[in-house]
Each structure stands twice: as structure tokens, then as C-alpha cells.
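The remarks go from the overall fold to the core and then to individual residues.

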Amino acid sequence: MVAMPEPSALLSLRHRLAQNLRRLRLERQWSQEDLAERSGLHHNQISMIERARSSVGIDIVEKLMTALGVRASDLLD
């Protein structure tokens, strides 16, 4: 049987995604609106993700990594 991650581990992953997303976006000198346009997401959604206020599914991670030209691990490590 596979053990489920602790809730605190999930929160930590959400914060890592938030920090990495913001860092990668700023490295490119993109606004949240720029990333939203490139990823097909709404700029409010980008803001919520960067503030770790939104849970995101794998489809959103895929849109973000494609827009940024990075691997999923770059967003989640």
C-alpha cells in the first residue's frame, strides 16, 4: 500500500511551485499578464498560484511549463 503524503508536504509543494513560478517568470522579465497570455490562463489565476492560494492540477502545471519552456521538475523542485 502506498502511503499518502502528509498535508504539510502538500502545502510545501504548493509553496515551492509558487516560489519557482514567480522566480522563472521574473527571470524572463514577464508580467503576470504576459505569463497568462502565453499559458492560456487568466492573470488572476497566475497571481493565486504565485501566492500559494490555489491548488493546481497537472494540466495547469503542463501549461505553465510549456509557456516557460521548462520541465515540470523546474517548477516543483
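1. A contact, as used throughout this note, means heavy atoms within 4.5 Å. By that criterion, and not counting residues up to four places away in sequence, Leu75 touches Arg16, Leu17, Asn20, Leu21, Leu24, Val61, Leu64, Met65, Leu68 and Val70.

2. On the basis of the note: this is a predicted model, in which local features need pLDDT of at least 70 and side-chain atom pairs count only at pLDDT 80 or more, while totals for chains, interfaces and linings use all residues. Residues are numbered from 1 along each chain as its sequence is written, and side-chain values use heavy atoms, with hydrogens and water left out.

3. The chain has 5 helices and 0 strands, the elements running α-α-α-α-α from the N terminus. Helices (H or I, at least four residues) and strands (E, at least two) are DSSP runs, numbered from the N terminus. Among contacts in the chain with a separation of 6 or more, 59% join residues 24 or more positions apart.

4. Of the 77 residues, 31% count as buried; buried means under 20% relative accessible area, exposed over 50%, and partly exposed in between (1.4 Å probe, protein chains only). The accessible surface of the chain is about 5,200 Å², and carbon and sulfur atoms hold 52% of it. These areas come from the Shrake-Rupley method with a 1.4 Å probe, and for residues only the protein chains shown count as cover.

5. The largest nonpolar core comprises 16 residues, and Leu21, Leu35, Ile46, Ile49, Leu64, Leu68 and Leu75 have the most contacts inside it. Such a core is a set of buried Ala, Val, Leu, Ile, Met, Phe, Trp, Tyr and Cys residues joined through side-chain atoms within 4.5 Å. Two or more residues each come from α1 (7-27), α2 (32-39), α3 (43-50) and α4 (58-68), with α4 giving the largest share, 5 residues.

6. Which residues of α4 are buried? They are Ile60, Val61, Leu64, Ala67 and Leu68. Because they cover an arc of only 130° around the axis, they lie on the same side of α4; the arc is that of the directions from the helix axis to the C-beta atoms. Ile58, Asp59 and Thr66 are exposed on the other side of α4. Just after this helix, Gly69 takes a positive phi of about 70°.

7. The axes of α2 and α4 come within 8 Å and cross at roughly 105°, which makes α2 roughly perpendicular to α4. Axes are lines fitted to C-alpha atoms, for helices over the stretch in contact, with angles from 0 to 180 degrees between N-to-C directions; angles of 65 to 115 degrees count as roughly perpendicular. Leu35, Arg38 and Ser39 of α2 meet Lys63, Leu64, Ala67 and Leu68 of α4.

8. Two residues of α1 deserve a look. Asn20 lies in that helix and is buried at 10% relative accessibility; not counting residues up to four places away in sequence, Asn20 touches Asp74, Leu75, Leu76 and Asp77. Arg16, also found in α1, is partly exposed at 35% relative accessibility.

9. Most residues other than glycine have a negative phi. Gln29, in the loop between α1 and α2, has a positive phi near 60° and is exposed at 72% relative accessibility. Ala52, in the loop between α3 and α4, has a positive phi of about 60° and is buried, with a relative accessible area of 8%.

Technical notes:
Parallel < 35°, antiparallel > 145°, perpendicular 65-115°, else oblique.
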